Amino acid sequence: MDCQKCNKCGATFFPNGEGGYHLRWATGKVGRAEGLAGLVCIPYGNDECINPMRHVATGDTWAKRLAELERLEKRNGLS
Ligand SMILES: [Zn+2]
């Protein structure tokens, strides 16, 4: 497939020639489809979303980020 832009999350997917994708977020930042799925497409997406990883919740999620933040805060004695 050619480069495709998701109308839902605004991310652009580029085939990497190995059956996977390079991804740019709407902000232009390079990311991973799994991460986008966990942060945007799964919570906010619908069937319009073209993220091939949309049904795969193995990437980054807000819950994981929150847990990581709490861990760092504890380590730094901030909470
Ligand atoms: Zn999407």
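The following questions and answers concern the fold of one predicted chain.

Residues are numbered from 1 along each chain as its sequence is written. Because the model is predicted, local features need pLDDT of at least 70 and side-chain atom pairs count only at pLDDT 80 or more, while totals for chains, interfaces and linings use all residues.

Me: In what order do the elements of the chain run from the N terminus on?
Reply: Helices (H or I, at least four residues) and strands (E, at least two) are DSSP runs, numbered from the N terminus. The chain has two helices and four strands. From the N terminus on, the order is β-β-β-β-α-α.

Me: Is the chain compact or spread out?
Reply: The radius of gyration is taken over C-alpha atoms, and the globule rule is 2.2 Å times the number of residues to the power 0.38. For 79 residues that rule gives 12 Å, whereas the chain has a radius of gyration of 15 Å, well over it. The C-alpha atoms fill a box of roughly 50 × 25 × 20 Å along the principal axes. Compared with a compact globule, the chain is therefore more spread out.

Me: Which strands stand at the edges of the sheet?
Reply: Two strands pair if DSSP finds at least two bridges between them. The four strands form an open sheet with antiparallel pairing, in the order E1-E2-E3-E4. A strand with a single partner has one side left without a neighbour in the sheet, and this applies to E1 (4-5) and E4 (30-31).

Me: How many bridges join E2 to E3?
Reply: Strands of a sheet pair through backbone hydrogen bonds, either parallel or antiparallel. E2 and E3 run antiparallel, with Phe-14 opposite His-22 in E3 and Thr-12 opposite Arg-24 in E3. The number of bridges joining E2 to E3 is four.

Me: Which residue takes a positive phi in the hairpin of E3 and E4?
Reply: The hairpin of E1 and E2 has six residues between the strands, and Gly-10 in its turn has a positive phi of about 75°. In the hairpin of E2 and E3, with five residues between the strands, Gly-17 has a positive phi near 80°. The hairpin of E3 and E4 also has five residues between its strands, and the residue with a positive phi, near 95°, is Gly-28.

Me: Which residues form the covered face of E3?
Reply: In a regular strand the side chains alternate between the two faces of the sheet. His-22 and Arg-24 make up the uncovered face of E3. The covered face consists of Tyr-21 and Leu-23.

Me: At about what angle to E3 does helix H1 run?
Reply: Two residues are in contact if their C-beta atoms, placed from the backbone, lie within 7 Å. The buried residues of H1 pack against E2, E3 and E4. Axes are lines fitted to C-alpha atoms, for helices over the stretch in contact, and angles run from 0 to 180 degrees between N-to-C directions. Helix H1 (residues 33-44) lies across those strands, and its angle to E3 is about 50°.

Me: Why does Gly-35 count as partly exposed?
Reply: A residue is buried if 20 or more other C-beta atoms lie within 10 Å of its own, exposed if 12 or fewer, and partly exposed in between; C-beta atoms are placed from the backbone. Gly-35 is found in helix H1, whose buried residues include Glu-34 and Leu-36. Gly-35 counts as partly exposed because its C-beta neighbours inside 10 Å number 18.

Me: How many residues of H2 are buried?
Reply: The expected span of a helix is 1.5 Å times one less than its number of residues. Helix H2 (residues 62-75) has 14 residues and reaches 20 Å from its first C-alpha to its last, close to the 20 Å expected. H2 is hardly covered, and its count of buried residues is zero.
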